[in-house]
Amino acid sequence: MIKQILSFSFLLFSIVANANEPLIHNNFSREGISLNGKWHYIVDVYETGYYNYRRKPHDDSENPGAGAFYLNKKPKDKMELVEYNFDLAPTLLVPGDWNSQKEKLFYYEGSLWYKKSFDLPDYNPEKRYFLHFGAVNYRADVYVNGKKLGMHKGGFTPFNFEMSHLVKQKDNFVIVRVDNKRAADEVPTLNTDWWNYGGITRDVTIYELNKTFIQDYSLQLAKDNAGIMTGYFQLDGAGKSNSKVNVSIPELKIEKSFTTDENGYLKFQFPVKKLKFWSDKSPKLYHVEFSTEDDQLSDEIGFRTIATKGSDILLNGEVVFLKGICMHEENVMRGGRAHSMEDAQMLLNWTKELGCNFVRLAHYPHNENMLRLADKMGILVWEENPVYWTIQWENLETYANAENQLKEVISRDKNRASVIIWSMANETPQTDARFVFLSNLAKTARSIDNTRLISAALEDHGKKGEQNTMIVEDKFAEVVDVLSFNQYYGWYGGEVDNIKNIRWEVDLDKPIIISEFGAGALQGFHADSLTRWSEEFQELLYKETLPTLDKIPQLSGITPWILADFRSPRRMLIPYQDGWNRKGLISETGNRKKAFYTLQEFYRNKK
Ligand code: GCB
């Protein structure tokens, strides 16, 4: 098996090598030029603007034809034929999914072109210009002033391209082809239980930077030593080698200087004393400043340690129980993908009202506002890579894609104290190929960030010959730091009134998180507690499940499924579902269901 893992890594090398441009870290605290707002769009079902009539991509050709939408061509006289016109096309708001903005795009999965014009009034050829996308679902082909910048795949992570060589002071335009078609070899794959919202779903920003700038850094407590701060720096640009970098944390009276190597990189560590640790009870953030001769940046960073000991999770050395809830990145009240700080505030306020100190951001990386706010509110976070159900485990490109998305989320959120767990996947079927795939992902995550815990939502099943005993038999359980599994006893199998007789038998001495359980209920539908879809059924399932799970000796946390009802094309039953997965504790109209209060009470009483 080890040999298999090694050769797999080797084969991957060529694919991973053509990954995207390095992410500019902490763009949050840089002043950018926002391209949010109205963008013109053209729906392109047949991908006419992308492929020529011989089905060859226009952008592969030296002489793309007039049909190439990214050229934004205008007829030069009344004779010339050009069969599209962005400026007369309708508009969509960015950030935002298209499904919730236009009725005719509600079910759309395909290609759609976006166009936005922009000026750079302070354009300066001595500066460098980067175009940054918070996320585009799923594939983005990005063009500026008629030239291709690059392509990105993955609907939930940021990416950026340098466009210094293409921009000028006036009359620039950016064109993005967004394609959200699902495909068997992509990540996620064809089959998910959530809405495939398409579009430029997060902010678009231009960053004007100096020739040499701070591209990346990390700063956190060392893995096993809360008295040591460690981190690294990466400068980008002509002056990156042997350059001085200053780090200061005024409140701690820390001021340090380091010098980068010839690649603009440096790794550092230094001792710290009298630190107030970040925790769920006291989410202390320190103002940190970074500067070089050419650049300066600041950040608000919390410092904490997270570790496991036997079957406990230790936050700053103390046992913590994770009172959690799962959530999708959806604002049900407005409809559509959540993206703003206001959306994050609404969702995280709901979790606080429940009594949570933990959220599982299912099943893909949510927008950065969530993590920034979780840092401030003291909510611990599980972040997940969208490796969901049946990925093509043996396909190296699929692996490279999954790994790239994982690297992007770690890169973005490595300085967020709230993030304590990287989840590799959700409910994946057990095969050798899947084991190799997930083990490689875990290895990659650990090699980039050895300070956080690794997990994945696994599955339980009944033990042969024993009626009321459930087990988790999964080789990947040995790889993870925290053993998490989803269990739906009483909903997808088993009787709700037998839950109290169930026991879970797990031999491993590791912390356990029950990463999902739940039942569907239509808010406002009342019946006896054995009637499916009633609030009473869901309430009963919670009342029976919570104390039963609590008997698992290694139990360190739970994240029931799910905070709010969410749209899913898999859920068609009328009148109960009607396009919604109804396992939410809050309805799509914002009303709490009965089970909301059951969980709230459990958390209130849980030590
Ligand atoms: C699961 C999945 C989740 C589904 C949920 C359900 O196990 O992880 O994505 O939405 O069950 O409602 O069936």
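**View 1. An open sheet of 6 strands.** The strand order is E3-E2-E4-E9-E6-E7, with antiparallel pairing. Strands E3 (91-94) and E7 (147-153) are the edges, and each pairs on one side only. From one strand to the next, the twist averages 30°. The model is predicted: local features need pLDDT of at least 70, side-chain atom pairs count only at pLDDT 80 or more, and totals for chains, interfaces and linings use all residues. Residues are numbered from 1 along each chain as its sequence is written, and side-chain values use heavy atoms, with hydrogens and water left out. Strands (E, at least two residues) and helices (H or I, at least four) are DSSP runs, numbered from the N terminus. Two strands pair if DSSP finds at least two bridges between them.

**View 2. Strands E4 and E9.** E4 (residues 111-118) and E9 (residues 172-179) run antiparallel and are joined by 8 bridges. Leu112 has Val178 in E9 as its bridge partner.

View 3. E16 and E17 (residues 296-301) run antiparallel, joined by 6 bridges. They form a hairpin with 4 residues between them. Tyr286 stands opposite Ile301 in E17. E16 also pairs with E13 (residues 244-249), in the antiparallel sense, over 3 bridges. Here Asn246 stands opposite Ser291.

View 4. H4 (residues 396-413) has 18 residues and reaches 26 Å from its first C-alpha to its last. That is close to the 26 Å expected at 1.5 Å a residue, the expected span being 1.5 Å times one less than the number of residues. Of its 18 residues, 15 are buried. Asn395 caps the N-terminal end of H4, with a side-chain oxygen 2.9 Å from the backbone nitrogen of Glu397.

**View 5. Helices H2 and H7.** H2 (residues 341-354) and H7 (residues 594-605) pack at about 60°, with axes 8 Å apart. The angle therefore makes H2 oblique to H7. Under 35 degrees counts as roughly parallel, over 145 as roughly antiparallel, 65 to 115 as roughly perpendicular and the rest as oblique. Axes are lines fitted to C-alpha atoms, for helices over the stretch in contact, and angles run from 0 to 180 degrees between N-to-C directions. Trp350, Glu353 and Leu354 of H2 meet Phe596, Leu599, Gln600 and Tyr603 of H7; contact means heavy atoms within 4.5 Å.

How values were computed. Buried means under 20% relative accessible area, exposed over 50%, partly exposed in between (1.4 Å probe, protein chains only). A polar contact is a pair of N or O atoms within 3.5 Å; within protein, one must be able to donate a hydrogen and the other to accept it, and residues adjacent in sequence count only if both atoms are side-chain atoms.
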